[in-house]
Amino acid sequence: MRKLVGQGLALSGGGYRASLFHLGVLRRLHELGVLQKTTQVSSVSGGSILAGFLAHRMLDLGLERPDFADWERDVSAPFRNIVRSDIRTRLLVGHIGWNWLTPGPRASGLERAFRKRLGDRRLVELPKASPSSTEFIFLATDIEHGVLWRFTPERIGNYIRGMIDTPESMTISLAVAASACFPPVFGPIKVRHEGRVIAHLTDGGVYDNTGMEPIWLSNKVVLVSDAGTPFDRKVPRWFGSRIMRYVDIGRNQVGALRRRAIIRRLHDDYQTVREFEPGTAGEDGSPCPLSSADDCFMRNRRVTDKPIGAFWRLGSQRKSFIEGADETFRSELLLLQDDWYGYPDDGKDNILRDFISEIRTDMDAFTRAEAKILENHGYVMGDLAIRRHARELGRLEAPFVVPHRDIIDPAKVREALRLSHSRLYFWRRWFD
């Protein structure tokens with residue numbers, strides 16, 4: 001039986017919306033003492049933007065693990081300032097007059113923009129994989145081979161091209177840019193080594209928007225934070241949108257398969273594989289491929305010990321967590337709701353469904369209110385998931401203090417998010 005070790009955390013893609021949702025999640029995980037035990041952080045796109053910032057802050061403060069003295073001062077406040085800057089529009093406007101057909105130069109501009117906002121620390125400076133440190137894994141999509149590409153402090157590459165030692169000069173910002181280089185606006189980014197191009201990379205979410213592939217089979221604890229867009233259950237009227245609808249259906253199916261796989265892995269009793277046992281006649285008389293014996297029988301063998309952890313989404317319904325829960329969880333939920341534990345997610349007036357889940361997945365400027373609402377929501381969802389599915393991991397006695405009480409009133413939220421679904425009106429967000 002293969003023993004599982006380590007604690008993995010996956011941060012999904014979804015532009016700044018995902019970054020801010022994950023910011024709230026990590027804030028609560030830090031309070032619970034869960035984040036400090038993480039040995040691997042695997043990230044895609046918007047998740048990588050936050051992970052890249054977190055990596056720089058750890059290096060600046062000399063930390064091997066994300067254990068911060070003051071989360072608001074060291075992480076949240078400076079990151080909310082970063083998402084106030086509009087990366088997307090500035091790059092588009094800067095290229096539209098001379099180079100609106102070729103996305104490559106915009107991809108290079110994306111890397112420079114992240115270097116300016118996150119920092120210019122090198123990938124090899126980050127902690128290496130070990131039981132006492134946190135390894136960062138930034139994921140992009142290799143568009144030539146159609147598989148994931150990994151950036152780690154020690155190695156870069158994938159199983160088709162092979163893995164090579166991480167170049168000394170490669171920056172964290174390059175890894176973040178490749179992971180968040182969403183098509184067709186940006187990219188692909190060209191990765192060079194020893195003077196030659198070794199890969200063309202685009203947004204990691206093209207292949208796997210959950211970012212969980214590197215962590216879900218090897219870690220004893222698996223935590224997946226998914227801020228991807230919920231499937232829109234409306235039939236488009238415009239012809240072009242109907243064409244994209246078919247693409248969205250396929251992507252939704254792939255995402256659903258991954259979600260079901262991780263949930264089943266976390267909640268099934270154990271994982272099995274069918275193997276042949278030599279030396280005993282099988283019921284069907286089939287030969288055994290594992291030895292020279294003429295016959296064998298098949299049995300189920302447990303190949304790993306059981307992982308624990310939790311999976312949650314930006315659009316997760318609270319009722320799905322309550323279903324099948326014990327009285328301890330139900331009573332805790334009632335006490336938390338007496339103060340404030342997120343917005344009701346049932347009934348006709350549904351803020352989660354109609355407003356928060358509809359916030360754009362983009363890298364234009366996010367208003368202060370949008371940032372606070374998303375951080376609040378992530379904070380609640382992180383607590384809810386750990387409290388329901390992995391309560392043995394955290395210090396649940398840690399006080400639940402929502403970060404931004406000034407923006408929890410439903411009327412304020414509706415007004416603040418009234419135009420948040422739109423990629424237009426970007427200039428209004430510059431002066432917030």
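R161 is partly exposed, with a relative accessible area of 29%, where partly exposed denotes the range between buried (under 20% relative accessible area) and exposed (over 50%), computed with a 1.4 Å probe on protein chains only. The structure is a predicted model, in which local features need pLDDT of at least 70 and side-chain atom pairs count only at pLDDT 80 or more, while totals for chains, interfaces and linings use all residues. Residues are numbered from 1 along each chain as its sequence is written, and side-chain values use heavy atoms, with hydrogens and water left out.

R161 forms a salt bridge with D142, the closest N and O atoms being 2.5 Å apart; a salt bridge is a side-chain nitrogen of Lys or Arg within 4 Å of a carboxyl oxygen of Asp or Glu. The two residues are 19 residues apart, D142 in strand β3 (residues 135-142) and R161 in the loop between β5 (155-158) and β6 (162-165), with helices (H or I, at least four residues) and strands (E, at least two) taken as DSSP runs numbered from the N terminus.

Across the whole structure, 29 salt bridges are found. Among them, R27 and E72 meet through their side chains at 2.8 Å, N to O; because R27 lies in helix α1 (residues 15-32) and E72 in helix α3 (residues 71-82), this pair ties together parts that are 45 residues apart in sequence. R27 is buried, with a relative accessible area of 12%, whereas E72 is partly exposed at 26%.
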